[in-house]
Amino acid sequence: MKNIIFFIWFFISPLIAGAQPDREIMRCVSEVSQDSISSYIATLTGFHTRHNLSSLTDPDKGIGAASRWLYQKVAGWIPLSGGRLSVENIQYTTGGSGTRLDRKAELTNVMAVLKGTGSQEILLLAHYDSRVDDNSDSTSFAPGANDNGSGVACLLESIRIMAGIPLQATVRFLFLSGEEHGLLGAACMADMARSQGWNVTAVINFDMIGNTLAGETGHRDNTTTRVFSAEGPSRELARYIAETATTYVDNMNVALIYRNDRYGRGGDHTPFLNAGYTAVRICEFHENYDRTHQLVREENNTLFGDLPSGVDNEYVRKNTGIGIAAVMSLAKAPAAPVNVQMNTRVLSNYTELEWEPSSGPGLVKGYYVVIRETDQSRWQKKIYTEETRIRIPYSKDNYFFGICAVGHEGHQSLVSVAD
Ligand SMILES: [Zn+2]
């Protein structure tokens with residue numbers, strides 16, 4: 001069959017997000033409010049500590065009070081959603097011997113589900129537990145404003161804004177406990193995703209997205225955020241987030257970090273990655289170790305502790321916009337094509353690619369072949385086709401190739417890389 005190439009361009013316009021921004025996504029990104037973010041963080045720090053062994057029953061203090069507040073906060077937005085938003089507590093027993101928790105504990109993950117019309121699911125993660133440097137200290141003030149009040153605020157604000165928007169994909173917002181004692185809540189949810197067969201397209205973890213100052217060096221950056229990704233499909237999710245950020249969020253650049261997480265430290269996306277899911281972490285560009293996991297105190301005119309004064313709410317606002325732009329773009333797009341094959345048997349300066357059609361045929365308008373030079377980080381060129389095989393005048397030896405599906409309104413799936 002003759003391949004039909006509709007157009008090729010060396011683009012200046014954003015690649016993955018499409019040339020025409022989606023007005024609904026633009027509006028949602030513009031609705032993210034610094035005031036909302038700052039009020040969520042103030043409430044979270046008001047629980048004194050959200051340590052995993054802190055009180056479950058005290059009405060005002062401890063991780064139990066925090067989880068009940070999260071549940072109630074989400075429940076308050078259910079009327080906005082036309083019945084699509086729901087919230088539930090997922091309780092699990094963990095701790096004791098063989099874990100980093102001193103004793104057994106019953107912990108709670110709070111899961112908000114915004115039901116879509118299709119079968120794809122997108123997971124957004126933020127841990128809501130907190131700690132000080134002594135990880136067995138369950139009573140000292142551990143405000144956790146940035147780690148991870150900032151990520152929790154991002155998810156809450158995303159629910160508030162997206163609750164009224166019908167989407168194709170289901171979005172699950174997971175407020176996770178147990179992170180500071182070994183990613184326990186995330187492991188519980190990754191098991192649940194597997195055992196219940198969730199059809200997960202992407203997992204995005206927001207953990208520490210509000211600090212802009214590098215502690216020792218004094219460098220400050222409120223216009224760059226990091227997306228950590230392991231090689232493979234997760235790297236394509238990171239590239240997707242970078243492209244949608246370019247389209248929808250002003251004064252914010254995405255640094256693609258080609259590693260799963262920071263040295264010596266972990267995050268809640270990792271149990272999902274290890275379970276075979278496409279998972280990345282969004283995290284501030286600079287960290288301030290005087291403000292992370294420290295007992296709140298003043299020493300030699302230096303303030304220690306994870307207080308709201310260390311959070312730049314404008315930076316959290318922009319990071320939240322990045323999440324909303326990526327999630328809504330993905331949630332409006334068809335599924336990614338699968339089994340993308342490149343013919344490496346023939347010696348030719350043309351490249352032949354073939355793939356299986358994306359699921360949900362009603363949603364797919366066509367496909368982009370995306371191309372980049374082998375030393376480039378971002379996809380550089382794209383070619384549109386409505387077929388599922390193509391022959392293009394680019395040598396397979398000089399480029400990487402991938403395929404993404406495009407819907408009738410121009411929303412694009414994640415890229416499946418050819419091999
Ligand atoms: Zn954290």
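Author: A crossing is called right-handed if the near helix is turned clockwise from the far one by less than a right angle, and left-handed if anticlockwise. Helices (H or I, at least four residues) and strands (E, at least two) are DSSP runs, numbered from the N terminus. The model is predicted: local features need pLDDT of at least 70, side-chain atom pairs count only at pLDDT 80 or more, and totals for chains, interfaces and linings use all residues. Residues are numbered from 1 along each chain as its sequence is written, and side-chain values use heavy atoms, with hydrogens and water left out.

The part to look at is helix H4, residues 145-162. From first C-alpha to last, the 18 residues of H4 reach 24 Å, close to the expected 26 Å; the expected span is 1.5 Å times one less than the number of residues. Asn148 lies in H4, and a cis peptide bond with omega of about 5° joins Asp147 to Asn148. Of the 18 residues of H4, 17 are buried, so the helix is largely enclosed by the rest of the structure. Buried means under 20% relative accessible area, exposed over 50%, and partly exposed in between (1.4 Å probe, protein chains only).

Axes are lines fitted to C-alpha atoms, for helices over the stretch in contact, and angles run from 0 to 180 degrees between N-to-C directions. Angles under 35 degrees count as roughly parallel, over 145 as roughly antiparallel, 65 to 115 as roughly perpendicular, and the rest as oblique. The crossing of H4 and H8 is right-handed. On the H4 side, the contact (heavy atoms within 4.5 Å) includes Cys154, Glu157 and Ile161, and on the H8 side it includes Val316, Thr320 and Met328. By class, this contact of H4 with H8 has 7 nonpolar, 3 polar and 1 charged residues. Here Ala, Val, Leu, Ile, Met, Phe, Trp, Tyr, Cys and Pro count as nonpolar, Asp, Glu, Lys and Arg as charged, and the others, Gly among them, as polar.

Another neighbour is helix H3, residues 63-75, whose axis comes within 10 Å of that of H4 and crosses at roughly 20°. H3 and H4 are therefore roughly parallel, and their crossing is right-handed. Trp69, Leu70, Lys73 and Val74 of H3 meet Val152, Leu156 and Ile159 of H4. The contact of H3 with H4 divides into 6 nonpolar, no polar and 1 charged residues.
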